[in-house]
Every structure is written in structure tokens, then in C-alpha cells.
Amino acid sequence: MSGKIITLTRHIIEEQRKYPAATGKFTDLMNDIAFAAKIISYNVNKAGLLDVLGETDNINVQGEVVKKLDTFAHETMVRALDHNGHSCALASEEEENVIEIPDEYPLGKYVVAFDPLDGSSNIDANVSVGTIFAIYHRVTPEGRPGTVKDFLQPGYKQVCAGYVIYGSSTMLVYTTGNGVYGFTLDPSYGEFVLSHPDIKTPKKGKIYSVNESYYGFWDERVRQYISYIKQVDGDSGRPMNSRYIGSLVSDFHRNLLYGGIFLYPPSTKAPSGKLRLLYEANPLAFIVEQAGGKAIDGERRILDIVPEKLHQRVPLYIGSAEDVDLLQTFLKGKHPSQKAAK
Ligand code: AHG
Ligand code: MN
Ligand code: MN
């Protein structure tokens, strides 16, 4: 047999060996996330068969209808992560407050924020969905339960960020700040196997992803950018190609591999956009930067934003470096075509 098979566990253990002070708790934590991902993957894949589709009567903290699978994924993540002594608190899109570790279990030095099921409004139509997570070191004193303070850290402090995409195959993509690695779940062995080592995103891409039905609610500068990238001009590679699934993990993952830009701008209807800083924008921003791309809220680097609230929303422009740079030129009103338009 040629080559070596690198499982997720092996990859993490080999990475952790580079740090003599590593206690193994991070390895445990990642194994628990991978375990939760396998359970969610299994259930997402047989969703229509199990009568788990359809809406529950609950409204989540964002005021959105919660699908049954959202609840299932949330509970799976909590149950997988609350007892192994690596974390002192958890935070989920589906829970308004910080989730405490039950008294009977030990407390650890990490906190994990997650979107248990992203893109779930599309799940009845068999569209790919995902799980997104961000891991931080706690900042409150050890030995006591973690608090919201542990989560209100800027994204550049993430110890690890990742997502799982439940698509035509299930993949787990993560970074600890040493590049981005993608693992595909082998369904016969139930193992995540390294399939995408050291992912780099193209410097410039062809794809733009945005919900264009909000065009009339955007700032003029965003509209100018979108009009510009749709113009026909073979020399500069325009028009760009439109792709929008409406499932952030799926839109992001495709653009990461192929190159391009994902936009969720502010609008008159949603002045801070829709996406959440802690468990959507920050983890994907860490990954995209590690892959050579960029992520901004229009003015600031996403990873520099100091969160004020657990469920804070943030405008998001994320993707290939040159595409994000061009967008920023438009947001500053400094693109030559904007001057010509005046
Ligand atoms: P979630 O399912 O976790 O609530 O996230 C949904 C998000 C995200 O996946 C997607 O990019 C966005 O909603 C789509 O929003 P629009 O329908 O406004 O385009
Ligand atoms: Mn989401
Ligand atoms: Mn969600």
C-alpha cells in the first residue's frame, strides 16, 4: 500500500506533539466534536426516513422557527461536550444563555461556541447543512464555571475553529492556526480521513455568493460593487459567477475550494446583517485567513471585533483576498467606476 492514512485523531495527536505542554485535553475535545459530528451526520442523512423533519413549536433566541433537527444537533453537541473535563462552558445558537457544565462533571480550560445546524431552513429540500464551532481558552479563573466573559473574546484568540459539512459526503474542516485541514468521513469505517491537506483558497475567484433579493435594501456602495462584478468585461474576468445556496457552511466551503466571495451585507431591514459573530463569522474568518483569504465586516477585520453579546450579528464579507480587497475599495467609495458614476 502506498501513502499513509491519516485519521483526524492521528492528525490532532501529531499536531499536539509539537507542544510539550499539551495535556491531551484539546485532543479529547476534538474527538468529542468529531463524535457529535458523526451522530448528526447519520441523522441528517436519514432525516426524511425518521420523521425528524418539520418544525417544532419552539422559537429560538433569534426569533426564528427551530427545526427538529436543530434541536437534535444542539442536544447532541451539548451531550458530547459537557462531561469530559475539557470545557468550563458552552454556547449555542439555540440557547440564549451560556450553557453550564453539570455539577457532576469536571471543569476544563476551554469554552466552545457553536451553531449546531447551519442552513437548516433548507433541510426539507435535501440541501447541505453544517455545524460550525469555535474554541477559546477560558479567561475567567479556573476551578469555577465559565461565564459569558469567556466567550466575549475577539476571534483572533480562537484556539481552533472548524465546521462539518453534511453534503454529498460529510467533511470536517478545521484550523488551529497552522493551516487548514479537511477530513472526509468514511462511512464504512466511521473515521474522518485526511482528504484535503493544507487547503489554500485562490487569491482571486470567479464566484460571488449573496442573497440578491435584498438589493433594494442595501447601501448604494454594495449595489455598485454587485453591479460592477456583473458587468461584461472579458479582460478582468467579469462577469463573476453567481452561486447562492442559502446555507452558509455550504456556500463558504465551495468558495474556499474554488475561490470567490460570500457577502451578507447590512440592510435597511437588518442593520447588522443576519449572521452571528461568535459561531458563524469568527470561525469561518479564522479558517479563511489560514487559507490565505480575508474576512471583514465592511470596515474591520472580523477577527479583531470585540464581541459585546453572545448572539451578536455582524455583516460579513469573506473569501479570496483580492475579491475582498476590491469589495472594500467599493465600500470606501474609492473605485474609479464610482467616481465616473458621480
Ligand atoms: P441557521 O440555519 O443556522 O439559522 O443559519 C442560516 C443562515 C446561513 O446558513 C445562511 O447563509 C443564511 O442564513 C441565509 O439567509 P437568507 O435567507 O437571508 O439569505
Ligand atoms: Mn447558521
Ligand atoms: Mn443554526
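This is a predicted model: local features need pLDDT of at least 70, side-chain atom pairs count only at pLDDT 80 or more; totals for chains, interfaces and linings use all residues.
Residues are numbered from 1 along each chain as its sequence is written, and chains are lettered from A and ligands numbered from 1 in the order in which they are written.

V159 lies in the loop between β6 (129-137) and β7 (160-166); helices (H or I, at least four residues) and strands (E, at least two) are DSSP runs, numbered from the N terminus. With a relative accessible area of 17%, V159 is buried, where buried means under 20% relative accessible area, exposed over 50% and partly exposed in between (1.4 Å probe, protein chains only). A distance of 7.8 Å separates the C-alpha atoms of V159 and A134, which are 25 residues apart along the chain.

N282 is located in helix α6 (residues 277-290). The relative accessible area of N282 is 0%, and the residue is buried. Leaving aside residues up to four places away in sequence, N282 touches Y136, G155, Q158, L277, I302 and L303.

The manganese ion (ligand 3) is coordinated by E93 (OE), D115 (OD) and L117 (O), at 2.0 to 2.3 Å. Donors are N, O and S atoms within 2.8 Å of the metal (3.2 Å for Na, K and Ca); water is not among the atoms, so sites may look incomplete. Along the chain, the donors of the manganese ion (ligand 3) follow the spacing E-x21-D-x1-L. D115 coordinates both the manganese ion (ligand 3) and the manganese ion (ligand 2), which are 3.8 Å apart. E93 also forms a salt bridge with R276, with 2.7 Å between the closest N and O atoms; a salt bridge is a side-chain nitrogen of Lys or Arg within 4 Å of a carboxyl oxygen of Asp or Glu.

The domain assignment divides the protein chain into domain 1 (8-196) and domain 2 (207-331), with bounds taken from an automatic or database domain assignment. Taken over C-alpha atoms, the centres of domain 1 and domain 2 are 23 Å apart. Contacts involve 48 residues of domain 1 and 33 residues of domain 2. About 2,800 Å² is buried between domain 1 and domain 2, and carbon and sulfur atoms give 64% of this area; buried area is the accessible area (1.4 Å probe) that two parts lose on being put together, summed over both. On the domain 1 side, Q62, L152 and Y163 lose the most area to domain 2, together 19% of what that side buries. The count between domain 1 and domain 2 is 1 salt bridge.

An open sheet is formed by 5 strands in the order β12-β11-β13-β15-β14, with mixed pairing; two strands pair if DSSP finds at least two bridges between them. The edge strands, each pairing on one side only, are β12 (241-242) and β14 (294-296). Strand β11 (residues 207-209) pairs with strand β13 (residues 260-264) in the parallel sense over 3 bridges. The bridge partner of I207 in β13 is G260.

Methods: Side-chain values use heavy atoms; hydrogens and water are left out. Contact means heavy atoms within 4.5 Å.
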